[in-house]
Amino acid sequence: MTKLRLAIVGAGPAGIYAADILLKTERSFDVSIDLFEQLPAPYGLVRYGVAPDHPRIKGVINALRDVLDRGDIRIFGNVRFGEDITLADLKKHYNAVIFATGAIRDTDLDIPGIDAEGSYGAADFVSWFDGHPDVPREWTLDAESVAVLGNGNVALDVARILAKHAEDLLPTEIPDNVHAGLEASKVTDVHVFGRRGPAQVKFTPLELRELGELRDVDMVVYDEDFDYDEASKDAVASNKQVKVIDRVLQQWRTRPSANNAGGEASRRLHLHFWAKPVEIKKDADGRVAAIVYERTQPDGSGGMKGTGELREIAIGQMYRAVGYFGSPLKDVPFDKKHGVIPNHEGQVLAKDSNQRVPGIYATGWIKRGPVGLIGHTKSDAMETVQHLVNDQGSWWQPEHPEESAIPALLESRGIQWTDLEGWHRLDQHEVALGEPHERARVKVVPRDEMVRISRGE
């Protein structure tokens with residue numbers, strides 16, 4: 001019987017789902033799968049892109065853990081594609097590769113002053129508060145007033161962490177250095193800006209509702225933003241999710257803190273709709289000093305258009321959460337405009353000719369861009385896997401398909417890889433760190449320490 005030796009690059013939900021779906025797919029050949037992950041721990045953005053106070057979303061990890069713990073997928077962590085192992089290496093040892101590397105950079109925002117000191121991409125801040133091993137340990141929160149640009153779930157995550165009191169995060173898996181940074185925060189006012197109206201937001205009701213439950217944080221919304229046009233009224237009437245979001249916002253309008261009047265909390269979270277950022281003003285030292293935004297209005301079809309009216313709010317830091325963007329991979333076609341690997345239903349295409357590239361596939365955000373929730377990744381992987389199975393005639397013919405070749409190769413290059421047993425060691429270590437404090441876990445942050453614990457050294 002033919003055997004498919006498959007490499008999957010990226011051990012987040014996209015890569016793990018693809019492996020699981022392939023193993024469960026009806027086929028006429030055996031399968032052997034190796035997952036390669038550049039971090040010492042698996043789970044990608046579920047571990048390093050979801051706020052620590054979101055245990056419900058992190059429940060996805062339980063399902064992913066069940067897949068890995070079956071023992072029919074090998075994992076090689078702390079292995080960087082393009083450096084520690086290359087596309088040429090994969091061709092020598094596998095019949096095909098699926099890239100599931102996600103999108104971890106921030107989309108650029110081209111407005112004057114975006115390069116000011118104190119102007120950040122949300123992804124960097126999220127990586128910091130999630131204890132990503134490859135970002136600085138310190139984050140200075142020395143401004144009282146900060147801005148968050150965007151109306152998606154990432155924007156609300158960033159706004160919530162900025163507004164929330166550090167002690168209220170202690171029951172979570174927040175790393176100690178992050179708790180210390182948030183405890184020293186001087187933030188009192190968080191301003192969230194969205195270009196369109198309350199009926200066109202991209203975040204989910206759960207995310208929004210959680211904002212209103214923050215201790216000692218007033219929610220501030222502005223009556224002028226709720227003069228709905230017909231398209232907004234239709235959206236509220238016809239879409240259950242929009243209806244729930246509208247209900248929450250309308251309730252906040254009745255609070256004493258609405259329109260910045262009469263709130264008693266020590267911190268405030270302001271939601272500005274119909275507000276398009278047009279400039280970040282700098283002070284004499286080049287630091288963020290203010291945000292200038294244009295009031296927008298409905299265009300009659302669910303979108304927005306500018307009014308020409310400019311407003312300004314003094315801020316000391318700015319976080320743009322306007323989307324994630326994929327990163328290129330060495331020797332793999334890449335679409336710089338859209339931040340994805342060019343593909344047709346997961347079959348990778350040559351950049352210039354649009355011809356299929358045999359043996360190379362993509363799934364997840366690097367395939368379709370950073371849209372959709374984690375659940376969408378399953379149907380995405382199914383499509384890619386189906387093509388992989390049907391393309392048997394164009395698989396690579398590896399020189400050394402034996403499974404022992406990969407550990408030998410990595411060892412010969414001095415790569416300190418981590419495996420599934422190693423992840424179990426690190427997992428148990430982090431849980432044990434949390435137990436004395438009645439916390440779910442305390443994340444280990446330094447990469448070298450993660451590797452040392454994983455390898456039992």
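In helix α6, the residues Ala122, Ala123, Phe125, Val126, Ser127, Trp128 and Phe129 are buried (buried means under 20% relative accessible area, exposed over 50%, and partly exposed in between, with a 1.4 Å probe and protein chains only). Helices (H or I, at least four residues) and strands (E, at least two) are DSSP runs, numbered from the N terminus. The structure is a predicted model, in which local features need pLDDT of at least 70 and side-chain atom pairs count only at pLDDT 80 or more, while totals for chains, interfaces and linings use all residues. Residues are numbered from 1 along each chain as its sequence is written, and side-chain values use heavy atoms, with hydrogens and water left out. Because seven of the eight residues of α6 (residues 122-129) are buried, this helix is largely enclosed by the rest of the structure. Just after α6, Gly131 takes a positive phi of about 70°.

In soluble globular proteins, nonpolar side chains tend to be buried together. Neighbours within four places in sequence aside, Leu269 is in contact with residues including Ala159, Ala163, Val190, Val192 and Leu211, where contact means heavy atoms within 4.5 Å.

Strand β7 (residues 145-149) runs parallel to β8 and is joined to it by five bridges; two strands pair if DSSP finds at least two bridges between them. Val146 has Val190 as its bridge partner in β8. Strand β10 (residues 267-272) also pairs with β8 in the parallel sense, over five bridges, and here His191 stands opposite His270.

A further sheet is open and has seven strands in the order β3-β2-β1-β4-β18-β17-β16, with mixed pairing. Its edges are β3 and β16, each with a single partner strand, so one side of each is left without a neighbour in the sheet. Within the sheet, β4 (residues 96-99) and β18 (residues 356-362) run parallel and are joined by three bridges. The bridge partner of Phe99 in β18 is Ala362.

Helix α15 (residues 420-434) has 15 residues, and its end C-alpha atoms are 21 Å apart, in agreement with the 21 Å that it should span at 1.5 Å a residue. The expected span is 1.5 Å times one less than the number of residues. Seen down the axis of α15, the buried residues fall within an arc of 150°, so they line one face of the helix; the arc is that of the directions from the helix axis to the C-beta atoms. These buried residues are Leu420, Gly422, Trp423, Leu426, Asp427, Glu430 and Gly434. They pack against α2, α4 (60-69), β3 (73-76) and α16 (447-454). At the start of α15, a side-chain oxygen of Asp419 reaches to within 3.3 Å of the backbone nitrogen of Glu421.

Helix α11 (residues 240-253) has 14 residues and reaches 20 Å from its first C-alpha to its last, close to the 20 Å expected at 1.5 Å a residue. Buried in α11 are Val242, Val244, Ile245, Asp246, Val248, Leu249 and Trp252, and the buried residues of this helix pack against α9 (205-211), β9 (217-220), α10 (230-238) and β10. The N-terminal end of α11 is capped by Asn239, with a side-chain oxygen 2.9 Å from the backbone nitrogen of Gln241.

Some loop residues were also examined. Most residues other than glycine have a negative phi. Tyr43, although not a glycine, has a positive phi of about 90°; Tyr43 lies in the loop between β2 (30-36) and α2 (44-48) and, at 1% relative accessibility, counts as buried. Asp331, likewise not a glycine, has a positive phi of about 70°, and is exposed, with a relative accessible area of 55%. Asp331 is found in the loop between β15 (324-325) and β16 (343-344).

Methods:
Polar contact = N/O pair within 3.5 Å; in protein donor to acceptor, adjacent residues only side chain to side chain.
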